[in-house]
Amino acid sequence: GSSSSDGAGSSSGGGDISMGFAQVGAESGYRTANTESIKAAAKSAGIDLKFSDAQQKQENQIKAIRSYIQQKVDVIAFSPVVETGWDTVLQEAKRAKIPVILTDRAVDSKDDSLYESFLGSDFVVEGEKAGDWLVQNADTSDTDGDGTIRVAELQGTTGAAPAIDRKEGFEEKIAADDKIDIIASQSGDFTRDGGKKVMESFLKSNDNIDVVFAHNDDMALGAIEAIEAAGKKPGTDIKIISMDGVRDAMQALADGKINFIVECNPLFGDQLMEIAKNVVDGKKVDKRVLVEEGTFDQEQAKAALPDRKY
Ligand code: GYE
């Protein structure tokens with residue numbers, strides 16, 4: 001790294017690069033898999049990783065980033081819990097000449113010189129895939145056969161890029177069919193407990209929900225508990241569309257309790273370490289690096305489960 005004095009002879013990659021990583025939290029299966037991927041990749045790349053968990057609070061992430069600046073790490077990476085409010089701390093990093101890499105979630109800033117690269121999924125596309133599926137499966141998704149497909153939406157963390165973008169992509173696609181209506185929409189904060197509680201309250205005030213659109217698997221799994229507790233059959237009485245593709249949800253998909261999952265892949269640790277090395281070496285890196293992902297229906301989930309890595 002820039003502060004190294006003995007790295008010149010080492011071609012093993014990594015050398016003594018230090019990285020400060022400010023994680024969102026441990027709110028979901030996606031997140032814990034992402035954390036494991038980053039820790040394992042840092043280790044095998046020989047990068048000295050300083051890791052912090054912000055418990056889904058922006059102020060904690062900002063504190064962590066400031067402490068990495070103080071420690072003069074070679075590179076900072078983080079997954080911004082919400083989109084806005086980052087300019088000040090990112091300017092501090094820039095002034096300290098510490099490059100920043102965004103992972104997983106984007107920031108909403110006019111100044112794109114505040115970060116070197118953004119590595120993560122395209123959440124609008126993910127929302128579109130979910131919306132397309134519903135439009136294509138509209139007939140069987142009108143579970144009470146009354147001519148209207150009533151969707152209850154479990155949103156991710158308020159202000160987070162994946163919550164904003166998945167909603168946008170989904171709404172754009174379902175607009176093609178005026179029988180499809182979002183009748184309730186609330187944040188379950190990407191947690192199982194949040195999904196369960198919000199679904200319980202949706203079920204109390206609406207007895208004709210046909211479809212749940214959950215912005216992640218954990219909330220879908222919480223919703224399944226609430227639906228079963230209300231005496232209904234998830235996947236049949238109420239169709240469920242979810243996102244991420246974590247093992248528990250893939251199992252629920254294979255078991256018929258979820259109907260469709262849009263994959264969101266958290267296993268980009270190795271890609272991140274590669275970008276970090278290049279950034280620290282002063283090489284040019286792509287400003288936007290996408291993570292590859294697909295979708296699963298029930299049969300595809302059965303086939304994919306044995307090799308599922310997260
Ligand atoms: O879908 C959700 C997690 O930012 C893509 O965050 C990520 C989302 C993921 O809590 O499970």
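## Reading the model

Helices (H or I, at least four residues) and strands (E, at least two) are DSSP runs, numbered from the N terminus. Residues are numbered from 1 along each chain as its sequence is written. This is a predicted model, in which local features need pLDDT of at least 70 and side-chain atom pairs count only at pLDDT 80 or more, while totals for chains, interfaces and linings use all residues.

## The annotated domain

An unreviewed UniProt entry carries the annotation "domain: Periplasmic binding protein" for residues 25-284; such positions follow the numbering used here, feature names are shortened, and annotations may be inferred rather than shown by experiment. Across residues 25-284, 45% of the chain is helix and 18% is strand, with the end C-alpha atoms 30 Å apart.

## Around the ligand

The ligand has 13 residues around it, and Ser28, Tyr30, Pro162, Phe190 and Asn216 come nearest. A residue is near if its C-beta atom, placed from the backbone, lies within 6 Å of the molecule. Two or more residues of this shell come from each of α1 (29-45) and β9 (239-244).

Let's follow β9 onward. β9 runs parallel to strand β10 (residues 260-263), joined by four bridges; strands pair if DSSP finds at least two bridges between them. Here methionine 243 lies opposite valine 262 of β10.

On its other pairing, β10 meets strand β12 (residues 295-296) in the antiparallel sense, over two bridges.
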